[in-house]
Amino acid sequence: QGPAHYVSETYFGTLYTAFRTTTCVEILYQSARDPEPRWRRIEPYAVLMGRRYYLVGKDADGDTGYRQYRFDRIKGMNATVDVFKRDPEFDLERYSAQAFGSFFSEKEYGPVRWRFAPSAAANARDFVFHPDQVMTEMHDGSLLVSFTASGWLEMAWYLIQWGDAVEVLEPLELKEMLDKVRRGGIGIWP
C-alpha cells in the first residue's frame with residue numbers, strides 16, 4: 001500500500017526461480033558511490049518490501065556479509081545456473097528487525113528512544129513501531145517508546161507525521177536529522 005517505486009515483474013520472476021533453486025543472479029547495479037552501474041553476481045536471500053524494495057543477498061564473489069540492493073538502482077537482472085549453499089543461520093525476521101523500516105545500516109544500529117507528548121500518547125500506544133519495542137507510561141502522561149534499530153532517515157520521515165508531539169531522545173544523530181527534515185534542510189528524497 002502507498003507510494004513505492006515501480007519494480008519489474010521480470011525481476012520478481014527471476015528471483016522466485018533463484019530462491020527455489022538456490023542459484024545466483026547477476027544484477028546491473030548503480031550504487032550511490034559508483035558513477036556507472038556495474039554487474040554483480042549475488043546470492044539472493046530475500047526481498048524486503050516497504051517504501052523501497054530491497055534485495056537482500058551476499059556478493060557471490062567473496063563478500064561474507066549480507067547487503068541490501070535497492071530495486072530502483074537495479075538496471076538489469078539475469079538468472080544464472082551458479083548454485084550456492086544457502087546459510088542455514090539466516091533468519092529473515094531477525095535480519096529485518098535490525099531496521100526500523102526496510103533499510104539497515106550497521107553504523108546507525110543502536111538504541112532508539114522517542115517520547116510522545118501526553119496529547120499523542122493514547123494514539124501512539126496503538127502502534128507497533130518496531131517488533132522489539134518497549135513502551136513506558138511516564139508520570140506526566142507522556143509515553144516513552146524504546147527499541148534497537150537503524151534507519152534514521154526512514155525514522156525521520158515517519159516521525160515528521162507526528163509534528164511536535166514526538167521528541168527524539170536517542171540517538172542524537174536522529175534528533176538532529178529530524179530537526180533538519182522539519183526545517184526542509186535534508187537533501188535526500190524517498
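The lining of the largest pocket comprises 13 nonpolar, five polar and twelve charged residues. The structure described here is a predicted model.

**Pockets**

The volume of this largest pocket is about 900 Å³. Its lining counts 30 residues, and Tyr 54, Gln 68, Phe 103, Phe 104 and Ser 105 are the closest to the centre. At least two lining residues come from each of strand S4 (66–70), helix H2 (92–96) and helix H4 (152–159).

Nearest its centre, among twelve lining residues, are Arg 51, Phe 100, Gly 101, Glu 154 and Tyr 158. Helix H4 contributes the most to the lining of the second largest pocket, namely three residues. By class, that lining has five nonpolar, four polar and three charged residues.

**Aromatic pairs**

The structure contains 24 aromatic pairs.

| Pair | Centre to centre | Angle between planes | Geometry |
|---|---|---|---|
| Phe 116 and Phe 129 | 5.3 Å | 20° | stacked |
| Phe 129 and Tyr 158 | 6.1 Å | 70° | edge-to-face |

The pair of Phe 129 and Tyr 158 counts as edge-to-face because its planes lie at 70°, over the cut-off of 60 degrees. This pair joins distant parts of the chain, 29 residues apart: Phe 129 lies in the loop between H3 and S7, and Tyr 158 in helix H4. Phe 116, in strand S6 (residues 110–116), is 13 residues from Phe 129. Phe 116 and Phe 129 are both buried, and Tyr 158 is likewise buried.

Ring pairs also connect Phe 100, Trp 114, Phe 116, Phe 127, Phe 129, Phe 147, Tyr 158 and Trp 162 into a cluster.

Definitions and conventions:
Residues are numbered from 1 along each chain as its sequence is written. This is a predicted model: local features need pLDDT of at least 70, side-chain atom pairs count only at pLDDT 80 or more; totals for chains, interfaces and linings use all residues. Side-chain values use heavy atoms; hydrogens and water are left out. On a 1 Å grid over the protein atoms alone, a cavity is a set of points where a 1.4 Å probe fits but cannot get out, and a pocket is an open set with protein on both sides within 12 Å along at least five of seven lines; lining residues have an atom within 4 Å of a point. Grid points are joined across faces, edges and corners, and a volume is the space filled by probe spheres set on the points. Helices (H or I, at least four residues) and strands (E, at least two) are DSSP runs, numbered from the N terminus. Ala, Val, Leu, Ile, Met, Phe, Trp, Tyr, Cys and Pro count as nonpolar, Asp, Glu, Lys and Arg as charged, and the others, Gly among them, as polar. Rings of Phe, Tyr and Trp (its six-membered ring) pair if their centres lie within 6.5 Å; planes under 30 degrees apart count as stacked, over 60 as edge-to-face and the rest as tilted. Buried means under 20% relative accessible area, exposed over 50%, partly exposed in between (1.4 Å probe, protein chains only).
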